[in-house]
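Please study the sequence and the model before reading each solution.

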Amino acid sequence: MAFDRRLATNFDWGTLILSLAIITLSIILLYSATSDRTEGPSGMHVKQLMWMGVGLASMFVVLCIDYQTLCRHAYVLYGALLVSLIIVLLFGRVVNGSQRWLVLGPWHLQTSELAKPVLILVLARYFTEHTPAGTAPLTYRDLPLPLLLVGLPFILIVKQPNLSTAMVLVVILCAMVLIIGLQGKTLCTLLLLSASALPLAWSLVLKEYQRERLLTLLNPQPDLLGLGYHSWQSKIAIGSGGLWGKGLLAGTQSRLSFLPERHTDFIFAVLAEEVGFVGVVLLVGLFGCLLVHGFTIAYRSRDRLGALIATGVVAMLAVQIFLNIGMTIGLVPIIGLPLPLMSYGGSSLVMTFLCLGLLMNVRMRRFKFGVFPS
Amino acid sequence: MARYSSLGAPGVHDDEVLYIQRPLPPADEGFRRRLWGFIITVLIGFCLLLGRTWQLQVMQGDYFLRLSEQNRLRSLRTKSLRGKILDRHGYVLADNRVAYTLMAIPADLPPNDQLLPLLRTLNIDLDPEMLRPRRRLAALKPVPIQRDFPRDQVAYFAEHRMDFPGMFVEAEPLRTYPYGTLAAHLLGYLGEISELQLQHSKDLGYYLGDLVGQAGLEQVSEPVLRGQPGVRQVEVDALGRETQVIAARPATPGMDLVLTLDLQLQQLAEQLLEEHRGSIVAIDPRNGQILALASKPAFDPNAFIPRLAPAMWRALSTDPHHPLHNRATQGQYPPGSVFKIVTALAALAEGVITPQSTVCCPGHYDYGGRTFHDWRPSGHGCIQLRQALTQSCDVYFYHLGQLLGIDRLAHHANALGLGQPTGFTVGLEKSGLIPSSQWKRQALGQPWYAGETISVAIGQGYTTVTPLQVANMLATVANGGTLYKPSIVLRQETLHDPAPPDTPPTVLHQLRVPPQHIAAVQQGLWSVVNDPRGTGKQAHHDQIAIAGKTGTAQAVPLAERSRKEPLPEQYRDHAWFAAYAPFEAPRIAIVVMIEHAGKHGGDFAGYAKTLIEAYLRQSYPVAAMPLHTTKFTR
């Protein structure tokens with residue numbers, strides 16, 4: 001499909017500028033969090049910049065292809081995703097006890113990240129095809145197939161194990177279902193069912209360390225040197241930042257390694273410690289703008305397909321942001337979930353850009369273009 | 001091309017207009033409403049995040065700032081270098097050597113299941129619970145895991161440092177005693193501070209695992225030897241590694257103790273005692289300074305550093321000969337004939353005899369229907385005081401005892417420092433026993449029988465003394481009647497004050513006995529060594545005028561002895577020989593005491609002669625070579 005030059009006039013600058021602003025903050029913090037007092041910067045921020053380049057490039061590729069075209073191939077992409085997840089399970093590299101990484105030459109890919117955009121496309125297509133506008137709310141009869149679509153990658157990802165990424169997939173599904181509308185009766189039944197399934201999940205699905213993390217959340221104080229350590233050190237880091245922060249390169253909690261995973265999952269704590277509440281407001285504000293912007297894209301999209309894609313992206317970003325920050329400030333249990341655009345890590349960053357690409361895609365094509373008679 | 005149903009009305013293609021906006025049709029109002037609900041939910045979530053962060057950062061910011069500073073800052077103590085102990089000529093008796101100690105900050109240690117294999121790789125078998133302090137704050141104070149960490153392990157540890165979080169190696173001076181067992185009872189030893197000691201010395205900055213003096217001078221002079229520990233405030237990372245020093249106050253090293261001891265005299269004394277159990281005490285009669293204080297068998301204080309092996313402790317504490325026991329100050333023995341010096345002085349002072357009074361000795365003394373024998377069955381004939389001392393005539397002193405009565409005798413014995421601690425500060429000192437009628441009433445509830453005085457007069461019966469008391473008593477007689485407090489520390493040297501004046505002697509008591517009476521006793525003591533009939537003639541020296549007194553003390557009453565020959569060891573007599581020299585201006589008083597020797601005191605007079613000669617001429621048959629010389633320099 002030829003690229004219509006008129007699309008450029010509708011380019012979504014809002015998403016691009018907001019995401020670039022956030023990633024600039026991320027690069028600065030990575031530079032600060034990973035540079036050693038004696039050995040200087042670690043170079044991680046440069047690597048992240050390279051990943052940003054890769055991310056932007058893939059974002060523009062996604063941008064150029066009409067999302068309708070993308071959705072037409074959604075099931076092909078879905079098939080490819082399942083294959084890659086199986087390959088990872090069979091041949092993947094084990095890091096920290098999880099088999100998540102696919103080694104492609106010098107690149108280590110976390111293919112589970114790809115599941116997020118692919119599932120957004122697949123679910124958007126499925127729901128658009130099966131529940132056209134104006135139809136009655138979804139009932140339990142409409143749910144088995146979407147559940148299956150999510151269930152396959154979910155199980156493969158849980159197997160790795162990477163429960164938190166798998167949960168994000170479920171959140172995407174829920175968001176879409178709720179937006180389309182669910183019959184009141186079905187909603188109640190589902191809520192009751194999941195409530196009764198909780199004890200089962202507790203004993204069967206959750207692993208020992210996950211259960212302990214949940215318990216620690218309820219009462220982190222008694223075991224500050226054991227399981228509660230990470231959560232407690234993160235809270236100390238954030239709290240000690242105060243209103244204005246300790247200054248860049250001056251965070252003691254992060255730079256003296258009291259803070260675990262400071263450049264990945266706990267980058268928010270670094271921000272809070274070094275730039276203080278002011279920096280937190282800035283970041284949360286930027287994220288908020290990005291999500292509201294995404295919401296308007298969904299609200300004003302050309303068709304239901306675009307609206308669902310945008311909703312999926314916004315839901316995915318929102319839940320990751322909420323859970324990640326919530327975990328560092330002790331609102332939710334410690335889960336291995338990166339902060340979009342902020343945490344160090346190529347796969348996550350490229351995936352986020354892919355999803356933002358989808359968002360911009362929808363935004364750019366919200367206008368109907370006249371078709372010249374051929 | 002599949003056409004997806006759009007939310008808008010069916011597409012109306014308008015060729016004139018390039019593009020038109022196609023917002024969602026009003027038909028799907030519910031979709032929009034839910035979208036609103038969705039974004040509002042998200043924003044509420046964000047407000048929750050901001051609210052919580054506000055609470056942590058702004059409302060509790062100061063609290064968490066304090067916590068982060070606590071995380072980051074550690075006050076580490078720098079130990080002070082323990083002072084050395086030297087003899088009066090500067091030979092080092094207790095020194096410091098370089099040793100490596102594996103330390104841990106309990107708070108930074110990994111959990112036990114990870115710690116145990118880590119310790120195993122270092123060949124340390126230890127219950128990790130031992131490293132967990134009971135109080136939470138104490139978890140930040142470093143504790144030693146293993147002292148005297150072998151050098152090859154130190155090298156391994158240094159290479160793999162990152163694998164051992166919370167642990168570090170510290171170069172630490174450890175105590176060493178270059179002469180091994182020499183003067184072990186005097187020097188004492190170090191041991192890890194006990195919980196109880198820790199409680200009692202709260203403000204002194206001791207940590208669990210510190211080595212402190214647990215016996216001897218090391219214990220008594222702990223505050224002096226230890227010095228003042230310094231403090232370093234450092235910034236550490238989460239693994240407890242120091243990243244920078246923020247403030248520091250250096251430690252003040254402990255003072256060096258210069259003893260009154262003469263190393264070579266001590267060495268010679270211990271060599272003479274090597275075959276025996278017993279003690280030798282040498283004292284300067286002019287000031288009460290201890291020149292030698294030997295007790296055998298002894299122990300090697302090096303075995304206590306850094307920690308005494310349990311098997312070693314069992315061996316030491318169950319040894320029937322009690323090597324940890326300092327016989328010179330804690331051994332209480334009947335003095336035997338050495339006590340006749342006291343009886344003679346008492347009799348002269350009380351005026352019951354003059355030096356010229358004559359007593360005839362038929363070889364036995366009858367009193368109250370009981371016969372007391374002289375050691376020589378044929379008797380000593382009619383003799384005066386001088387010959388009575390020279391030949392150690394028992395009957396003469398039985399007679400004096402009878403004339404004096406127990407209480408007057410006891411009074412003078414006490415005046416000479418017997419029956420009470422001498423005031424020597426190192427280690428627990430026993431007081432011995434000088435019986436009196438009052439003592440017997442109180443202790444046994446019985447009246448004193450005059451016949452009992454007869455035994456006491458020759459240093460038997462209830463009477464017991466320590467070798468140090470006898471040495472001090474003899475020194476008092478030798479110097480003409482001044483009882484000094486025995487002293488061991490000559491001076492305390494510091495870097496700032498390398499040559500302070502010597503500690504002045506302490507006079508405990510001045511004898512109220514006319515000088516001519518003391519002289520009469522001194523004459524008798526001279527004859528003991530220099531008269532051909534003297535019991536101590538083995539101590540006779542051609543150039544040096546030595547005076548002395550022998551003693552052969554029954555360890556158990558005669559009646560309890562079996563008739564068997566040879567006597568079992570525990571029934572054999574104790575041998576005493578006390579001497580001083582030079583006779584005219586005494587500079588050394590010496591007591592040789594051999595437990596259950598089975599020989600006469602006179603048989604050991606040669607020991608005293610050897611020691612006196614070596615000391616007065618300062619020429620010793622052995623060189624003062626320490627066992628090893630690794631030093632920890634300041």
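**Exercise 1.** What pLDDT does chain A average?

*Solution.* The model is predicted: local features need pLDDT of at least 70, side-chain atom pairs count only at pLDDT 80 or more, and totals for chains, interfaces and linings use all residues. Residues are numbered from 1 along each chain as its sequence is written, while chains are lettered from A and ligands numbered from 1 in the order in which they are written. The pLDDT is the predictor's confidence in each residue, from 0 to 100. Chain A averages 86, and 91% of its residues score at least 70.

**Exercise 2.** Determine how helix 5 and helix 7 of chain A are arranged.

*Solution.* Step 1: helices are DSSP runs (H or I, at least four residues), numbered from the N terminus, and strands are likewise runs (E, at least two). Step 2: the axes, lines fitted to C-alpha atoms over the stretch in contact, with angles running from 0 to 180 degrees between N-to-C directions, come within 10 Å and cross at roughly 15 degrees for helix 5 (residues 74–91) and helix 7 (residues 144–158) of chain A. Step 3: helix 5 of chain A is therefore roughly parallel to helix 7 of chain A, a term for angles under 35 degrees.

**Exercise 3.** How many helices and strands does chain B have?

*Solution.* Chain B has 20 helices and 23 strands. Of its 634 residues, 44% count as buried (20 or more other C-beta atoms, placed from the backbone, lie within 10 Å of the residue's own).

How values were computed: Parallel < 35°, antiparallel > 145°, perpendicular 65-115°, else oblique. Buried ≥ 20, exposed ≤ 12 C-beta atoms within 10 Å, placed from the backbone.
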